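I opened the model to look up its chain contact, one hairpin and some helix packing. My notes follow.

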Amino acid sequence: METFLGIDYNFWWFLVFGAVISGYAILDGFDLGAGALHLFLKKETSRRIALNAIGPVWDGNEVWLVIGGGALFAGFPVAYAAIFSGFYIPFMVFMIGLIWRAVSIEFRSKEPGLKWRLIWDFIYSFACIVIALSLGLMLGNVALGLPLNEQHEFIGNWLSFFNPFSIMVAITTLALFMLHGAIYLAMKTEKRLYTKLTILAKNFTVFFVVSFGITTLYTLLYIPHLSDKIRSNPVYFTLPLIMFLAIANIPRQLNKGKYRYAFISSSVTIASLLAMVALEVFPNLLYATNDIKNSITITNGASSLKTMKTLLLIAAIGTPLVGIYTSFVFWTFKGKVKLDEMSY
Amino acid sequence: MVTEILARIQFAFTIAFHYIYPPLSIGLGLILVIMEGMYLKTGNKIYEQMTRFWIKIFALIFGIGVATGIIMEFEFGTNWATYSKYVGDIFGSALAAEGIFAFALESGFLGILLFGWNRVSSKVHFLSTLMVFLGSMFSAVWIVVANSWQQTPAGFHIVGEGMNTRAEITDFWAMVFNPSSVERLIHVWIGAFLAGAFLVLSVNAYYILKNKYLEIAKPSFKIALVVATIFSLAQLLAGDKSAEGVAKNQPAKLAAMEAHYDSSAVADMYLLGWVNNTKQKATGIKIPGGLTFLLHQDFKTPITGLNAFKPDERPTQVNAIFQMYHIMIAIGITLIALTLYASWQWKRGKLFDKRWLMVVFAWAVFLPQIANQAGWFTAEMGRQPWVVYGLLKTSDALSRTVSANQIIFSLILFTLVYITLFILFLYLLNKKIKYGPVDYGTKETIEQGSIRDNPLLTH
């Protein structure tokens, strides 16, 4: 097996894919969270400010999903084929959610009428909730594994996706995004709206901690094998440790009013949660629950070495570029939201 | 069989709907770069006004383009899992490159393009407009490369067997510059420029007819007319080059385009006609030996006909391919005639005097759109029964785990959502056009406006 810096290429691409998905969850996570809590904001100006807080960046954030999809397709086509054809129904629902999220942001501001805007507020918020829930549901099922045949194709029934564990992961994802989104909006607002968002952020912290706690408890009691990997090596324990410290830091920073630090903490929480799932699943991309031989791993699901090298080169050239213009855009729109004539 | 038809209908429907928007974004992007460039150079408020008006319309088009585009990326996995496994090594690389080099650039700078007018200097704003335009051009590069690889595969070898057969890359640049990439890309780009230019022409022709906003409508019309004239003519060359490539690389497709069955005969060129595929005969107005002349500059060289291919290795929808191809050609010729005539009238100083000409331009917005769609239908139907030409049949490329019922469910869902989207799009576009390129006013007037329209604001 050929390696680069002592790590084989498939593992490199697994890391890149994981980083892109974490990037997506952190970046679009606050957009989706802001959308999910949209209806908690009652005044028209508050809603406009909230929309304009994500307005210039949400589209760029969503691109991380596109890159992630491309990364999976290119690097692990077998997993790409199995996951998306297997999750057919929830994925279609997810995509319809993405369509409505995108167009409701755009359409809402095009008419001044109260009814028009109220309808779009509902569609927007509902779409964001559906997106977050379906993402969480699919994440939960990936963590559990799916029944696969010898050609690595899904052979189960889609109703089995709605198992207690995955539903809990879905709710936890929604809670985490709402918390993350409230913190982001608090950073971008001032005065009474800011105060309102600080209260919401604290409530969502409770929502998240409770749902996360129940999910963890359920996992430890009923699906103990999901934590086998972490038990296998004490070094891995640092991962949950980092996560718990990050979670504990969120209310602490919220109380101090330091929203930037709280935002970093919620971002770390998202990334470490995904890293834990990745660690448990590894070296599988999709674990076959019926027969371990049918699992899709980073070896049997991977593209050729030549493609892996090309992809890493593409990522090495592309990532700094994306980093530069993403920071430039965030820097341009830094500070509190000010509405002007080009705003939503 | 049923799943195959449903999956194909779903793909055709979602891609055709999506493809209304990206060409408009690319074409409008070019026009925005020109308009804003003129503003930067002259400092003339008229150019600022038109730029800001078209940015608003661009936002609407871009939004729907993104929303419907994401579906496409994942539809390969949901409906065409076997295809995805087969081509992932190659097709996936192009999609990944598209995401990181094109979409990230486009979407990143879009924020500044739409909302940065008061936040960055006019130079930085212009740079952002340029980057959004370049991003959209790059995304066309990668997606056309991926599709061209399906038409003319290169730079790969086949590994595995049975269900595990797949194409693996051997030469990245040979894959990127496969025999049809460059000529098809240019053809697609120009089609997009025309779509954008004719939208601008149409809206401004409407204003001129209504005698409104003339000080902005007339110069906007002229900018778009220059773009439309240059690229209508350029498309003639690009299209000819593309057809030549099809003749060389995909003779079965070319034969279907002109309904040419007999390999021992010279090939005719039809202006219009109707094909009876069972009788293997086309009737219509034709230039005898025209296709032979186009390819070989004589009237006697025989051209490979459909009968040279096994019945299960050549397209069956010959009449549909024939019609699509001829619709595209007819529109191409019409656009050249229209833009040249308008340019001549401009030179005579009578461009805006002819009311009928403005009426024609107001409606001509549909022509490049229809031609773009027809061209893609020709390319994709003409490749059948192959999904990857000569390597993988469409019927073998499906997701074997997805049932017909699931596809029907999602097809109904997409149909309902897209019809709603399209109605909303037309409604909002119409409203924006009616509102016109007027002064966007100050923050205060906007807020007063919203308070008037929205009682929630007052408490």
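I call two strands paired if DSSP finds at least two bridges between them. Helices (H or I, at least four residues) and strands (E, at least two) are DSSP runs, numbered from the N terminus.

Conventions. This is a predicted model, where local features need pLDDT of at least 70, side-chain atom pairs count only at pLDDT 80 or more, and totals for chains, interfaces and linings use all residues. Residues are numbered from 1 along each chain as its sequence is written, with chains lettered from A and ligands numbered from 1 in the order in which they are written.

Hairpin. I looked up β1 (residues 156-159) and β2 (residues 166-169) of chain B, which pair in the antiparallel sense over 4 bridges. F156(B) has I169(B) as its bridge partner in β2(B). The two strands form a hairpin with 6 residues between them. In the turn, G160(B) has a positive phi of about 75°.

Chain contact. I took residues as in contact if their C-beta atoms, placed from the backbone, lie within 7 Å. Chain A gives 64 residues and chain B gives 71. On chain A, α2 (44-54), α3 (58-75), α4 (77-86), α5 (88-108) and α12 (305-332) each supply at least two residues of the side that touches chain B. That side has 38 nonpolar, 17 polar and 9 charged residues. Here Ala, Val, Leu, Ile, Met, Phe, Trp, Tyr, Cys and Pro count as nonpolar, Asp, Glu, Lys and Arg as charged, and the others, Gly among them, as polar.

Helix packing. Axes are lines fitted to C-alpha atoms, for helices over the stretch in contact, and angles run from 0 to 180 degrees between N-to-C directions. In chain B, α2 (residues 21-42) and α8 (residues 214-249) pack at about 130°, axes 11 Å apart. They are therefore oblique (angles under 35 degrees count as roughly parallel, over 145 as roughly antiparallel, 65 to 115 as roughly perpendicular, the rest as oblique). L30(B), I31(B), I34(B) and M35(B) in α2(B) meet I223(B), A224(B) and V227(B) in α8(B).

I then looked up α5 (residues 122-151) and α7 (residues 181-210) of chain B, packed at about 135° with axes 9 Å apart. That makes α5(B) oblique to α7(B). Among the residues that meet are M137(B) and S148(B) in α5(B), and R184(B) and W189(B) in α7(B). This contact has 9 nonpolar, 2 polar and 1 charged residues.

Methods: Contact = placed C-beta atoms within 7 Å.
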